Amino acid sequence: MSHFPDWAIILAVKSGVLIFIVVTAFAYLMLLERKMLGWFQLRLGPTWCGPWGLMQPAADAIKLVLKEDLTPAGADLFIYKIAPALAVLTALLAYAVIPFGWLPDGTPIAIASPNVGILFVLAAGAVGVYGIALGGWASQSKWSLLGGIRSTAQLISYELAMGLSIIPVVMLAGTTSLAGIVAAQSAHHLWYIIPLFIPAWIYGVTALAETNRAPFDLPEAETELVAGFHTEYSSLRFGTFFVAEYINMITVSAIRTLLFFGGGDGPWVAQFPLLTVVWFLVKVGIMLFIMIWWRATLPRLRYDRLMTFGWKFLLPTSVACVIIVAGVVAAMGNR
Amino acid sequence: MSVDLAALSNNPDLTLSPGDDQDTLVLSMGPQHPSTHGVLRVMLRLDGEMVLTAEPEIGFLHTGIEKQAENLFWQQAITVVDRADYLAPLSNSLCYVLAAEHLLGIDAQIPARARVLRVMFAELTRIASHLVWLGTHCLDLGAQSIFFYAFEMRERILSIMEFVTGARMHQSWFRIGGLGIDVPKGFLERMDDFIDRFPERLADMRAIVEKNVIIVDRLVGVGKISQQEAIDWGLTGPPLRATGIAYDVRRAHPYCDYESYDFDVPTQTAGDSYARFVVRLDEMYQAWRIIKQARDRFPDGPVVIDDRKIVPPPKTEIQHSMEALIHHFKLVSSGFNVPEGHIYQAVEGPRGEMGMYVTSAGGNKPWRVRWRPASFYHTQALKRLGPGNLIADLVAIIGSMDPVFGDVDR
């Protein structure tokens, strides 16, 4: 019937479905965030588009598509146009390896389950910085430039602490495969949040910084840098940055769930393995709620304090955690 | 292509010395920037994110209010005076009205009820203005929710204003000779409700922001100014009191019987943004105390003086009395004359000493209404406070000085 091998077609369909789900999840995450910010702030949030504002994401999308796509006169055209695509592409890339749960026979529900899953996610996240930094640089606007510089500095500094906060998990689980880490947690009946609560906390903080969320939303600090790196972007290109940010939010929540909260592990999963997907999504939802809660509560850090916090506190602490966990693992023998 | 920045700017502070144009960035912050509170433009010279020089530029909201006031009858000018500092319209008109009453020599005749209501509403205005400051300042620092809590409370105040005067913002309620109209039925119930609720809500808002680690970190030591410098730069109001000088026009030069009210003048000694922050929060509580005392006095009686040459007769009388009709016609068509003279009148507005130098040439219009807006002096101090800080700090400093550009530019 076709020139493509079966596995390629299956992969393409799976990826297509997943991208559809992720993008829909993004749209409703945005609605949920607006609703919840509304409730936090004595407001109702969107109520006009459809029942309970449910069509608001569609309305937003239509509005963005219909806007004029402006390009500043001095912009570096190729980089200016490629930057949002780069941001969203790397954001989506991470989903290739995220196991959403497991089937009755123990196979992880994921596009791919490589044995270097966590490294892949970190690599994709690291490339994501380019989208923001290049977008800020190519706009040829001073505000964008400042935003781009901030994001480069911030993301690189926090990436270090983030990577180091993951190492204890890898050492305890003895594998870099995300499915393997989850399996190790459910095999020991111990979510890593309990032994590794400090790395879990560090990961949570650095994840906020990685996704440019409040209180670390410095690259786009509205009240300081107008809109930071995406000041000059309009229309769908602006929307693409937005999509990337929210998808990254879901990604870090998912990774946090997998690394520290047992992934799809939960009550009754032995009897009903498909329940793993539900538990996974519930946990991710709770993580997302906490991120939105922080946004409603906390003011923004100052740039230099952010750096101090990252380099002088988070990094040494995570190094100490790595050393301690390494010692414990060595003392307890190979698990 | 190299741009000769010195030629582009008429501003000596922004000219670059030879050789350093590679390292610094000239950035125009505003007039359309989310944190310049309207239309301030600050020309910055940056080294990275460090501000080397900051030059505030004003005038984007100039509406010629001083000149307009010269072309309106004494009583009519209140409407334009209201619109200068749009967050504290009643403080503006109180200042103007007091000046005109002094020139007319009727300041001692103002009925007690009008004086009490003036105090009450001037303090309500202060709270409303400080609530806007609290919300926007915290928003500048990145805290979103407090903005809505503050504005919800302000909305209660504005709805009381609307209930009494018919307007939420530009009430034009204080008139030469008293008040425009008496308060409607049910006013005291609404005031009592507000007086009951406010301290708790204020305490809630303070609990959210005052000791917040990030807010303290962002504000302490930022935009510090010494007592002497604060005086040299002409700071008044909360920025001056934050340096430890307890100068308050309500105490120093009382008007509207402020000397008979029991209130404290909150001061701090640090002189930084956090000190200004705490002073304003304290001031809201003191304003509430004054309102409470005014509510307890609340005398009966008329709200305007009984002088037909200044205040038009009530409508019911106009329908029956020829003389009243003539008085009304004269006041509406040509106003009243104010004896020749000049006066500087100041009131303690929410932002600081709100002064007006009013000159009368004896006619039915003011000859000159010259303002001393506190915001103007606070804005010029940015030149002193800005350098040496980060952009994020500059935003915090602008917020803590709380300028209103309707007031600065008039």
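Me: How many salt bridges does the rule find across the interface of chain A and chain B?

Reply: Side chains of opposite charge can pair when their charged atoms come close. The rule used here asks for a side-chain nitrogen of Lys or Arg within 4 Å of a carboxyl oxygen of Asp or Glu. By that rule, two salt bridges cross the interface of chain A and chain B. One of the pairs to look at is B:Asp393 with A:Arg302, a salt bridge whose closest N and O atoms are 2.9 Å apart. Which elements of chain A take part on the side that touches chain B? Those giving two or more residues are helix 1 (6-40), helix 5 (142-173), helix 8 (222-225), helix 10 (275-297) and helix 11 (303-332); helices here are DSSP runs of H or I with at least four residues, strands are runs of E with at least two, and both are numbered from the N terminus. By class, that side of chain A has 13 nonpolar, two polar and ten charged residues. Ala, Val, Leu, Ile, Met, Phe, Trp, Tyr, Cys and Pro count as nonpolar, Asp, Glu, Lys and Arg as charged, and the others, Gly among them, as polar.

Me: On what basis are these values and labels given?

Reply: This is a predicted model, in which local features need pLDDT of at least 70 and side-chain atom pairs count only at pLDDT 80 or more, while totals for chains, interfaces and linings use all residues. Residues are numbered from 1 along each chain as its sequence is written, chains are lettered from A and ligands numbered from 1 in the order in which they are written, and side-chain values use heavy atoms, with hydrogens and water left out.

Me: What area is buried between chain A and chain B?

Reply: The size of an interface is often given as the accessible area lost when the parts come together. Buried area is that loss for two parts, taken with a 1.4 Å probe and summed over both. Between chain A and chain B the area is about 2,500 Å², and carbon and sulfur atoms give 60% of it. In terms of contact (heavy atoms within 4.5 Å), 25 residues of chain A meet 33 residues of chain B.

Me: How is chain A divided, and how do its domains meet?

Reply: Chain A is divided into domain 1 (1-66) and domain 2 (69-333), with bounds from an automatic or database domain assignment. Their C-alpha centres lie 20 Å apart. The contact takes 16 residues from domain 1 of chain A and 22 residues from domain 2 of chain A. The area buried between these domains is about 1,800 Å², of which carbon and sulfur atoms give 85%. Of the area that domain 1 buries against domain 2, A:Leu29, A:Glu33 and A:Leu64 supply 30%, more than any other three residues.

Me: Which residues form the salt bridge that involves A:Glu33?

Reply: A:Glu33 pairs with A:Arg295, the closest N and O atoms being 2.9 Å apart. Across the interface of domain 1 and domain 2 of chain A, the rule finds one salt bridge. On the side of domain 1 that touches domain 2, helix 1 and helix 2 (56-66) of chain A are the elements that give two or more residues. Helix 1 of chain A makes the largest share, 14 residues. That side divides into 13 nonpolar, one polar and two charged residues.

Me: Are B:Glu70 and B:Arg368 buried or partly exposed?

Reply: Buried means under 20% relative accessible area, exposed over 50%, and partly exposed in between (1.4 Å probe, protein chains only). B:Glu70 counts as buried because its relative accessibility is 15%, whereas B:Arg368, at 27%, is partly exposed.
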